[in-house]
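Let's take a friendly walk through this model, one neighbourhood at a time. Please keep the sequence and the 3D view open beside the text.

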Amino acid sequence: MASQVLVAANRGPLSYALDPDGTLTARRGGGGLVSGLSAALAEQPGALWICAALSEADREAVRRGVAEPGVRMLDIDPAVYDDAYNGIANSVLWFTHHHLYDIPREPVFDAAFRRQWDSYVAYNGAFAEALAEEAAPGAAVLVQDYHLALVPGALRELRPDLRIAHFTHTPWASPEFMRMLPDDVREQLLWGMLGADRLGFHTGQWGDSFLACASTDTAGGTALARHARGGQPAAVEHRRTGADGGLGPVRETVVEAYPLGVDAEELRALAHRPEVDGKLAELRAEVAGRKTIVRVDRTELSKNILRGLLAYRELLTTRPEWRGRVVHLASAYPSRQDLKVYRDYTDAVATLAAEINAEFGTGDWQPVLVSVKDDFARSLAAYRMADVALVNPVRDGMNLVAKEIPVVSEAGCALVLSTGAGAYEELAEDALTVNPYDVTQTAQALHAALAMPEGERAERTKRLAAAATGLPPARWFTAQLEALPART
Ligand code: G6P
């Protein structure tokens with residue numbers, strides 16, 4: 001049966017593991033996109049989530065036809081998928097939007113890049129075709145993230161009747177970084193996005209970056225960006241040059257911020273399951289009454305875990321009074337390990353943590369406890385007991401951890417938050433804010449956070465939790481759905 005509401009995202013709500021005896025077990029995917037969307041879709045019966053098979057186990061699940069109801073996994077040729085996901089989405093687009101390139105060496109756009117780009121076009125095409133196949137007339141389609149930037153444009157060509165939104169979970173690159181991409185690639189990306197009726201971003205800042213790029217870099221047509229004014233949302237008015245050289249019809253793409261928040265009730269219920277209580281008891285035994293600085297991230301370059309550890313080391317060096325009295329619980333679970341730059345980063349995190357432990361540790365005190373397992377129950381237990389939360393990304397679409405910790409914290413938690421997090425727009429006032437590159441400032445903020453009086457900490461945490469729950473996933477999703485143009 002054709003669907004009225006469709007979501008397209010590279011990662012699905014579940015991924016499978018294949019046991020040696022041939023059994024398939026499903027587990028929830030990681031990252032902010034999956035947690036937000038899964039919660040939102042739980043309240044949208046009948047919606048269809050189209051995602052890619054990410055692994056051989058997922059492909060096996062497709063072959064056996066075991067996918068969950070409401071989910072369609074696309075079995076894309078593994079070589080094409082690898083080029084599109086690892087080659088373009090994670091190595092080029094992720095690095096561009098997060099400004100992560102090591103500029104003297106990267107990026108290099110050569111023949112291998114061109115092959116990968118062709119795969120990215122094919123992979124986006126496969127999503128557009130599946131959506132075109134599954135969507136009811138006039139259906140609403142919500143496309144997610146940088147993996148699928150070409151889908152709105154491709155889908156509009158196949159099915160002009162559909163109402164199409166795209167949401168970016170990452171930042172959007174500044175025009176300077178977008179201009180590093182080959183001209184034709186940058187234009188394809190922008191025109192792909194402009195195929196949508198509406199583009200959503202986590203913050204006004206990322207939306208503004210898109211507007212700045214769209215108004216200056218859309219050869220192959222005309223585009224005029226309009227900033228939000230007097231109750232009117234921002235938009236790009238555009239006309240694309242057709243194959244015959246003439247300009248196509250005027251279309252408008254509205255650009256709006258939907259800052260994804262947390263569902264407090266659901267998160268607190270999750271954080272009080274017996275499994276989490278058990279983990280909390282374990283952690284309390286390990287920490288033995290000391291203060292805790294907690295961070296939870298994918299081991300991800302944009303999260304700035306290394307400078308976080310350097311700041312902790314500087315804290316222990318310059319403020320010896322904290323030695324033996326604080327433990328840094330750093331949960332840094334593996335991510336994108338197909339990419340060497342991520343494997344190297346993971347090793348660097350482990351090495352630096354070991355150095356700090358060797359330098360300061362004593363017989364009964366280990367200063368940093370790194371956990372590399374993606375253990376959501378343990379993370380929630382750490383959230384509950386955190387005295388200080390450290391969220392210091394260099395650039396991050398939102399960062400839900402910054403929002404989750406204040407909601408779950410038991411005794412109040414001081415939040416050290418960098419200006420690079422999208423969450424900074426909503427949480428700056430009650431956080432201790434830092435420049436993500438300034439290790440000394442971060443060390444000072446950690447000290448101020450540890451020393452913050454309990455009453456002030458509790459008051460700030462209450463206000464942070466209120467701000468963090470302003471737009472919970474279900475409302476974030478329906479707001480975007482309802483904002484789509486009415487059916488014609
Ligand atoms: C970010 C992206 C998501 C992605 C997640 C995990 O939150 O915006 O699209 O799913 O990271 O990354 P992965 O590559 O494992 O899907």
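Leaving aside its neighbours within four places in sequence, which residues is Ser 418 in contact with?

## Ser 418 and its contacts

Ser 418 is in contact with Val 391, Asn 392, Pro 393, Tyr 424, Val 434 and Pro 436, once neighbours within four places in sequence are set aside. Contact here means heavy atoms within 4.5 Å. The residue belongs to strand β16 (residues 414-418); helices (H or I, at least four residues) and strands (E, at least two) are DSSP runs, numbered from the N terminus. Ser 418 is buried, because its relative accessible area is 0%. The classes are buried for under 20% relative accessible area, exposed for over 50% and partly exposed in between (1.4 Å probe, protein chains only).

A word on the basis of all this: the model is predicted, so local features need pLDDT of at least 70 and side-chain atom pairs count only at pLDDT 80 or more, while totals for chains, interfaces and linings use all residues. Residues are numbered from 1 along each chain as its sequence is written, and side-chain values use heavy atoms, with hydrogens and water left out.

## Val 372, an exposed loop residue

Val 372 sits in the loop between β14 (368-371) and α13 (376-385). Its relative accessibility is 51%, so Val 372 counts as exposed. Not counting residues up to four places away in sequence, Val 372 touches Ala 332, Tyr 333 and Pro 334. From Val 372 to Arg 156 the C-alpha to C-alpha distance is 42 Å, and the two are 216 residues apart in sequence.

## Aromatic pairs

How many aromatic pairs does the structure hold? There are 13 aromatic pairs, where rings of Phe, Tyr and Trp (its six-membered ring) pair if their centres lie within 6.5 Å, and planes under 30 degrees apart count as stacked, over 60 as edge-to-face and the rest as tilted. Tyr 81 and Tyr 85 are stacked, because their ring centres are 5.4 Å apart and their planes meet at 10°. Both tyrosines lie in helix α3 (residues 78-97), four residues apart, which is about one turn of the helix. Tyr 81 is buried at 5% relative accessibility, and Tyr 85 is buried at 15%.

Trp 172 and Phe 201 make an edge-to-face pair, 6.2 Å centre to centre with 85° between the planes. Trp 172 is in the loop between β7 (163-168) and α6 (175-178) and Phe 201 in strand β8 (residues 198-201), so this pair ties together parts that are 29 residues apart in sequence. Both of these residues, Trp 172 and Phe 201, are buried. Ring pairs also join Tyr 81, Tyr 85, Phe 109, Phe 113, Trp 117, Tyr 120, Tyr 123 and Phe 127 into a cluster.

## Arginines over rings

Two arginines are worth a look here. Arg 28 lies over the face of Phe 376, 5.0 Å from the ring centre, and Arg 336 lies over the face of Trp 94, 4.1 Å from the ring centre. The test for a charge over a ring is NZ of Lys or CZ of Arg within 6 Å of the ring centre and within 35 degrees of the ring normal.

## Backbone features

Most residues other than glycine have a negative phi, and most peptide bonds are trans. The peptide bond from Glu 106 to Pro 107 is cis, with omega near -5°, and Pro 107 lies in the loop between α3 and α4 (111-134).

Asp 145 is not a glycine, yet has a positive phi of about 75°. Asp 145 lies in the loop between β6 (135-144) and α5 (151-158) and counts as buried at 4% relative accessibility. Asn 399, also not a glycine, has a positive phi of about 80°. Asn 399 lies in the loop between β15 (388-391) and α14 (401-408) and is buried, with a relative accessible area of 7%.

## Cysteines

A search of the whole structure finds zero disulfides, a disulfide being a pair of cysteine sulfur atoms within 2.5 Å. Cys 51 is buried at 0% relative accessible area, and Cys 213 is buried at 0% as well.
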